[in-house]
Amino acid sequence: MAEINCTQVTEFSLMGFTEDPVTQVTLFLMFLLIYLFTILGNLGMIALIRATPQLHSPMYYFLGNLAFVDLCSSTVITPKMLVDFLSEKKGTAYVGCVAQVFLFDLFGMTECFLLAMMAYDRYMAICHPLVYPLVMSPEYCFQLVTGSYLVGLTNGIGQTISMSNLSFCGSSVINLFFCDISPLISLSTSNTTLSRIILRTSASLFGLSSSLVVLVSYVAIISAILSIRSAEGKRKAFSTCASHLTTVSIFYGTSLFMYLKPSSDSSREDKWAAVLYTVVTPMLNPLIYSLRNKEVKEALRRLTKPK
């Protein structure tokens, strides 16, 4: 009966990082700089791929979509966080919170599968180079990317439905800097069994399955590279995977830690782990690929070379 008569929360308060004004201004400037680099880096990567015929290949088709998803996922989180750094009231309406959960889970899971598809692309290029052009056709690449977005959409809808079935009649303070489904479940005053099952099932089914694709692909890739006799051949083969492997390690490591850890664990370190995969990784991806990829560096050199 108390559940029926309770007053439903219409607005959530985000705890953020600190209450110290000086620290808040410092963090605002730091995250603003990161966000600007994220916007410029990812837009620049998309424009470079579209403007350079030499980059019109499956690998860069996936990379262009990854840059778009990074741009969107960062925009879902960072602008609101920047506003909160300068506001006394760090709140968000229930509807806004639902929208953030949906969009973040959509783009987050889409990125998981795009990274898995990129691992599969590298596997085909290194382990089956003779049939690579035939298998990784433009039509098939389009299907893989579309499938990644559909999985992300399914995840976003599932988590949104999960949240819409929850009642919030007690505390409205989220111990994070954005609306995420896991802390929202902890705040709910209703039965959260179904919501926790949906969250763990989604993280396990989608997250671990995409991780498995990456793992199996790289086991085969490493095996193929080790069988190459020349040291130069090994170096060239590994250099095509180094950027992707770096991105995968950061993204999967932090996101799986956040969503598969025991729900009772909550610490300041969790917030910085969340910062790593929600704010920092979207900035690092174009930087990693531009610094470690010869074709991207050569395309940049050609575009910036005075005529």
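The following exercises, each with a worked solution, concern the predicted model shown above.

Residues are numbered from 1 along each chain as its sequence is written, and side-chain values use heavy atoms, with hydrogens and water left out. In this predicted model, local features need pLDDT of at least 70 and side-chain atom pairs count only at pLDDT 80 or more, while totals for chains, interfaces and linings use all residues.

**Exercise 1. Determine how many helices and strands the protein has, and in what order they run.**

Solution. Helices (H or I, at least four residues) and strands (E, at least two) are taken as DSSP runs, numbered from the N terminus. On this basis the protein has 11 helices and three strands. From the N terminus on, the order is α-β-α-α-β-α-α-α-β-α-α-α-α-α.

**Exercise 2. Describe how the strands are arranged.**

Solution. Two strands pair if DSSP finds at least two bridges between them. The three strands form an open sheet with mixed pairing, in the order S2-S1-S3. Strand S2 (91–93) and S3 are the edge strands, each pairing on one side only. Next, consider strand S1 (residues 11–14): three bridges join S1 to S2, and the two run antiparallel. Within this pairing, Phe12 has Thr92 of S2 as its bridge partner.

**Exercise 3. Identify the residues that touch the most other members of the largest nonpolar core.**

Solution. A nonpolar core is a set of buried Ala, Val, Leu, Ile, Met, Phe, Trp, Tyr and Cys residues joined through side-chain atoms within 4.5 Å. Buried means under 20% relative accessible area, exposed over 50%, and partly exposed in between (1.4 Å probe, protein chains only). The largest core holds 82 residues, of which Phe12, Phe31, Ile174, Phe177 and Leu184 touch the most other members. Helix H4 (residues 94–127) supplies the largest share of this core, 18 residues. To examine one member, take contact to mean heavy atoms within 4.5 Å. Leaving aside residues up to four places away in sequence, Phe31 touches several residues, including Phe17, Met81, Trp272 and Val279. For the protein as a whole, 49% of the 307 residues count as buried.

**Exercise 4. Locate the disulfide and explain which parts of the chain the pair ties together.**

Solution. A disulfide is here a pair of cysteine sulfur atoms within 2.5 Å. A search of the whole structure finds one. Cys97 and Cys179 form this disulfide, with their sulfur atoms 2.0 Å apart. Cys97 lies in helix H4 and Cys179 in the loop between strand S3 (173–174) and helix H7 (181–187), so the pair ties together parts that are 82 residues apart in sequence. The torsion about the S-S bond is about -115 degrees, and therefore the disulfide is left-handed. Cys97 is buried because its relative accessible area is 0%, and Cys179 likewise counts as buried at 0%. Turning to two further cysteines, Cys141 is buried at 2%, whereas Cys127 is partly exposed at 22%.
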